[in-house]
Every structure is written in C-alpha cells, then in structure tokens.
Amino acid sequence: MRTNQPKTIHLSEYKVPSYLVDSVDLRFELFEDGARVHSTLSVRRNPESTDGSAPLTLDGDSLKLERVALNGEELTASAYEDTGDQLVIAKVPAEFELTVVTWIEPQNNTRLEGLYKSSGMFCTQCEAEGFRCITYFPDRPDVMARYRTRIEADKRSCPVLLSNGNDVERGDLENGRHFVTWEDPFPKPSYLFALVAGDLVEKQDTFRTCSGRDIDLRIYVEPRNAAKCEHAMDSLKRSMRWDEEAYGREYDLDIFMIVAVDDFNMGAMENKGLNIFNSSCVLASQETATDLAFQRIEAIVAHEYFHNWSGNRVTCRDWFQLSLKEGFTVFRDSTFSADVGSPTVKRIEDVTLLRTAQFAEDAGPMAHPVRPASYMEISNFYTLTIYEKGAEVVRMIHTLLGPDLFRKGSDLYFERHDGQAVTTDDFVKAMEDASGRDLTQFRLWYEQAGTPVLAVTDAYDAKLGIYRLTIQQTVPDTPGQTDKKPQHIPFALGLLGADGEALPLSLESAAGAANAPTERVLELTEASHTFEFHGLAQKPVPSLLRHFSAPVRVVYPWTREQLVFLMSNDPDGFNRWDAGQRLAVDVIQSLVGSAGSEIDPRLVGAYRALLEDSALDQALVAKMLQLPSEAYLIELADNPDVAAIHRAREKVLGHLATSLRDELLACFHRNAGAGAYEVTPESIARRSLRNTALAWLLMINDDTGRDLAVQQFSEADNMTDRMGALRALVNSDYAAERSQALTDFYERFQDDPQVVEQWFSVQSSSDRAGQLPQIQALLKHPAFDWKNPNKIRSVVGVFAGQNLAAFHNPDGSGYSFLADQVCRLDDSNPQIAARLVTPLTRWQKFAPAYSSLMRSALERIRDKSGLSADLYEVVHKSLEA
C-alpha cells in the first residue's frame, strides 16, 4: 500500500517560470540498447519573475545523468543536485548556456511517455510531461523555445529520421550510421517536441495554400500499411482548406508530416509539423475499416491539424488551461465534421457521448470544472469534461455571439496571442473585446463543475392567448464545490401547433406575432425565469433546448403523445431524435422490475413510421432507430439495477423487432449496396439502416435474418457490412454460426493488428460471446499483447465499459477481474491503468448489492504495493467521495 500521498498542484499557486529558454539544441544518438541525448539550452532569467535568486530547477524522470556543463565548463557533482526527478543548480548567471547529457532506455519504456520503441520504431509522446523522460528541462507549457534537433541512427534499421520543423541538413556517418537535422522556426513548449526513427514508407502529396505556397504533405507508415493512407491524406487536405475558409488560418511550415504508431496511449498528438497518430486513428481501407472508423479518422486528422493554431501557435500557460486548446479544437473539428457530413447526425453523436459519459463524469468523484482548480497527476485530466464539455462551452459562446462576431473574436485571439502561452480568460476576453458582450457570468462555465439542471414548467392562458414558460436552474454539488451560482445559459426553443406548424415567438405583444421568429435563443442568467409568448390561439407543444444549445439536463413533463408528435413534426432534427430517445427511455424504465408489463403500442407505431418514411433524412432515420444504450439508461437511473435494465431493454428490442419484422426485411433489402463503395453521408446512412435492420432480425432469432447475415458476412466487399453481419451473429443465439464467423474473420485478418482489435472488441462487448470466461480466454490469445494499449482497451476496456450486464454480474466477478488487470497494468503503464479503473469509480451510484462489491475492488487496488500517482489520485478520490 502506498503511504506517501502525491503532491497536489493548485492553480492558485501558479508562478511565472524563474528562467526562460530561448533555444534548444538536441542531439540524439540512437542505439539498440538505449539512447544518448545531448541537450544544450540558451537560458536567461525571466524578467517577470520576482524571485531573482531562485536556483535553476529542471524536471527529469528515469534519466541517467552523464554530464552537466555551464557555459562550456563541466560542473562537478558538488555544483548541482540530482534528486532523480529534478536537477538543481544553485548558482547560475543571468544568461548562460547549459549542456546536459543523459542516457535513456527507450526499448524498456513501457509507460509510452517520452522516447520509446513501438514495433522496432523510435517515437515520442511528450504531452503532458513526457519531455522530462528524455532530458532535464523546465517541462512546463509556458517555457517556449526554438528547437534544433539532430538525430543519429543506424541507416539500415532506421532509414527515416524525423522531428519538428524543416529538414535542414542530412548525411552519412561512420559504421553504417546517418543523421538528419531538423529546425523548427517557431517557439514551442516542450510537450510539442517529437521524434520518430524507423523503417517506414512514405505517402506523399502536396497542398497549395490560399497564398499560393505549396506544402509538402507526408504520411509515414510501416510497409504493411502502405495502402491505408489515402483517406487520411484526403482528410488532411480537406482540413487545411476548411481552416483557411472558416478561420483564415494558413499553414506555416514547408512540410506537414503524420506518422502511424501501433503502441500509443492516446489517439493522436499534434506535435508541431510532425503529428504522431495511434494507427487505429489514421489507417483505413474499404476492406479493413468501418464507416465509423473512416469518420473518426477524418475528425482526428482535422483535430490534430487544427491544433497548429489552436494549441501550437497559441498554447496554454499551464495545464489547468488544457481546455483552452482542447475544448476550442474539439469545437473546431466538430464543426468541420458537420460541414463535410450530416450536421444533425454529428450533433446527435456529440450529444450522445456527452450525455452518456461526460454527464456521468460530472456526477462522479472525479468531477472537475472545465478549468480545474487542482490535480495530482495531469494525465488524469485528459477527460471528457476538458474536451467535450470544453467544446460545448465554446459552442455556447458561438451561439451567444453569432457566427460573424465569433469569427471576429477568434481572429483577435490568434492575432493578439500568436506565439504566447495564455489562459481561458484570455480567450473569453478576446471574444468580449471583439463583440462588445459582457461574458463575466459566462466564465462560471470554466469555474464550476457539474451539469446544470433546468426544470421547466408551463401554463397556457387561453383567454389572453399567452403561453408562459418558467425555467429554474440548479447546479448540483460536486466534490469540493457547493452552493453554485446560476450560470449564463443559451436556451434555444420553438413552439409547435396541433398540426405541426411552427408558431411565432412574440415576447412583447400579440401585435408583434406576425413578424416574430419561430425559433429563439433565450439567455438564462438567474435561478428562475418566466417567459411569456403572446398571440397564440392554442396551447403549443414546446420544442426545448433545440440543437442541444447548452450542456444541461432538461426536466419537463412531456406526455408520450407529445413525444410521438415531436418525433414526426419537430423541424429541428436533433429534437426529433431526442423525442424518440425520451419516448424509448420512458417505455424501458416502465418495464424495469415489472416483467409482466405491456409495451406501449405507440412506440411500435413511431418506429414503424420511421421505417416507412422515405422522405426523412435517412441518416437521421438510422440514428433514430437506435434505442438508448444501457449506459445511458444506467446514467438516468437512481441506484440502477443493471440486470433489470438489461432485461427491460432486451424485451423492448425484441418486441419491436417481432412487431416490425416485415418492415425490417423491407428496409434491409431496400438499402442493399449498389455500385462502388463510397464514404458519403448517403452511403453511410444506407449501410447503417441495413445493418440495424439485420441486427434487430437476429435479436428475435429469425432464420431468414440469420441466412441474410451469413450471406452478407461472406460476400461483403467492405468492413462496415462484414462487421455489421459479424456483430449481428455474435449478439444472436445462433452459437454455431457465431463461432464459425469469428473463426473465419480471424483467419482472414489475423495479420492486420487494427482489424484484430475489432475482432477482440466485438466479442468483449457482447453479453453472449463476452462473458467473463471468454474474456479471460481472449487475454491468453496469441494476438493479445499487454504492451499494446489498443489491445488492452479492446478487451478489458470494452468489457468493463460496454458489456455492462456481464461486467456488473451480481457475484462481483467482473469487478474483481477489472481490479486484477488494473493492478497488473499499473506497474507497466499507469496512464492506461488509471483510465481503465473508471467504471469502478461510480460505485456509489449503484444499488447496494453492486456498490459494496465495487468498493471492495477499489479498496484492493488502493492497497496495492507501489501504487502509481496516476492510480492513487483516481482511487482515493473515488473512495473519499
């Protein structure tokens, strides 16, 4: 059991760095048994620091120090202190040059932070605090320097040597070695440093910027993946053009590079000019990637490219400001994806993630504001709150200001802070100065944790023709925060008449109704507001929080009849989908613990109407046909009984499939593929509808559906349809067909690691194929690799996060299993261990029969010897909540 508590770092204790680094000259000597790093820093005292006598303190982690020299003179051991995690030199001049030589062992680096090896390739991951694993340095984002990097390695094993910036020099060395020197002209923090060395092939293309400059585009992959780069390259060029048109941001270097790496803790990293990607987030082909993978790759490529301005040219002052770059960039990539695809479907996907996972985070023991006030381990704060809720905060600013003033504000932000490390307050101030709006109260979104709850009531005065809407807001208590203040919330709404027409929203008088808009954004700033809408001849049906205009929970007593009406008539596509979700949730919740209850026929009628409505956007229909997930149903419940929720949802799904069998078969055949495979919104919608219909048919053990699934699996010319058929078979009761399909799939794709990860995942997420004995067998499979985060996530992460009925087995075996794997991983990769433990941290939410067993599993992790700081913070906060 760990007895020393990791240090808590507080935003209130921020101080400017005592020293600044103007330039960094790095020389890497790469060998099979390790790497020698020569670092020469040009350092000066920070004129803004009030501590003129402070020692020079550099961060380090797992380094073997070989040499220290000040202005060319080697220092004796008595002139400095090497504590292991810091190098401290008490006496230094106001300006000086410091040289440090360290020895590191990338081949033994299982944490995948700093410099490590993946499939024989040297690569780096320096965000947030990985650069200190390479050399001693003031490893904080507000120390920005220009980097020159020389890489030396064996030419045969590492013919490709890459780093940030532009290639300025290269040549051969003795003993079959060679070198390349890279120079980045733009100052950057150490977390954006990158290096790659290995045997890679190159996919090359060119992009001409709006000013006429030709940019050299390159994607580097292992030879076996050479045919999987085209989609990522096309996505990159679309992203570059979009950023010029939407934000006026032109790329600034001569070259932009992407490298695919199999072993990676995150999705991708925006290192200046040299993005390093998890292979699963960049490699795609028709035969190996699903439609969702193609869309995900496009979004992630865009996200990392957009960081060139929102994160690199303007970066964050400290890690408390992480959402400054991540929230803004997620908003940018989300808008990009909406522009190139279906805006309504993209909004549905974003909100589904937010309401299922981020709202849960806001209600859990690790709840924190978008700008946290403290942390022990910053890697624990790469969260949905920072990314997704942070993006929603930026979206609300966009809503309040409108697109023109928001663009004016972003232009001012980039112009004012180019080359600086700044704060979320600086971002909001630029928006205020550009628009003239006072966003003082709005800043509470960055300061207060928790999801606001809006309780909505209404009344209609038929005599006066006035409809009154009262909205009361509360922000729940969260760890360390109580008695929250009301927040500034943009609340979009419309009102519908009995025949579905959009009604005018006149807030002044009936006389103004003729010219009133049919949609408004109300601004909530008080604990309670009452709005009066005039000139209405009938009581309307309210369409609330259109476009999901704020990340809040809305509580309103809709009747099922109103929800069916909104599903068919609401002009806002998102609210149509939301009405369907609310209707399905209400029906499923009514069945939990009531096995004999009848299923409301209106739900069947609503889904039948969807299947028969050829005029409605088919991409929207595909989303509306998906029932609320078990994770969302659990999140909505108090003390949820997971098994009962699972049974109720399965009952509704089976009833729908049985009642709609003929319509589902017609949908399947109507959406059969025609022509070449395309990744377009229309084609994606068609395949989604077809595979949803197929999955539903197999849920009721329909032999016709089984035969169609077997045929589609064997004849599919793309991974979306092949995986759709495989998933349907895996989640059916056709055990023989399931087993044969899984065997055939693996034999076909066993040499492709990314596809094998899909094979692991489809089993781990199934309550039929993924019970605990099968999961334990997967961990022993020859293709499983404990050193590869993707493999771990595809089995352990998917089982605990998606296969909820199996994970929450009442005997607690799922909890014990997860605790075992987390403890094992903590010794080799603490970041992954700390992320995997999340399902156990919500133990207090569940019914006592579950929560006591979940708590026991957490306590066992807590008592592990040598517990990492990453895991310590998550487990202790969870148990103390």
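**Exercise 1.** Find how many cavities of 30 Å³ or more there are.

Solution. The count comes to two cavities of 30 Å³ or more. A cavity is a set of points, on a 1 Å grid over the protein atoms alone, where a 1.4 Å probe fits but cannot get out; lining residues have an atom within 4 Å of a point. Points are joined across faces, edges and corners, and a volume is the space filled by probe spheres set on them. The model is predicted: local features need pLDDT of at least 70, side-chain atom pairs count only at pLDDT 80 or more, and totals for chains, interfaces and linings use all residues. Residues are numbered from 1 along each chain as its sequence is written, and side-chain values use heavy atoms, without hydrogens and water.

**Exercise 2.** Describe the largest cavity and its lining.

Solution. Start with volume: about 50 Å³. Next, list the lining: L544, W558, L563, L566, N575, D578, A579 and R582. Then assign elements (helices are DSSP runs of H or I, at least four residues, numbered from the N terminus). α9 (560-569) and α10 (573-591) each supply at least two lining residues. α10 gives the largest share, four residues. Finally, sort by class: five nonpolar, one polar and two charged.

**Exercise 3.** Which element gives the largest share of the lining of the second largest cavity?

Solution. This cavity has a volume of about 40 Å³. S323, L324, F328, G390, V394, T424, F427 and Y446 line it. Two or more residues come from each of α3 (322-340), α5 (384-401) and α7 (424-435). The largest share, three residues, is from α3.

Methods. 1 Å grid on protein atoms, 1.4 Å probe; cavity = no way out; pocket = protein on both sides within 12 Å on 5 of 7 lines; lining within 4 Å. Nonpolar A, V, L, I, M, F, W, Y, C, P; charged D, E, K, R; others polar.
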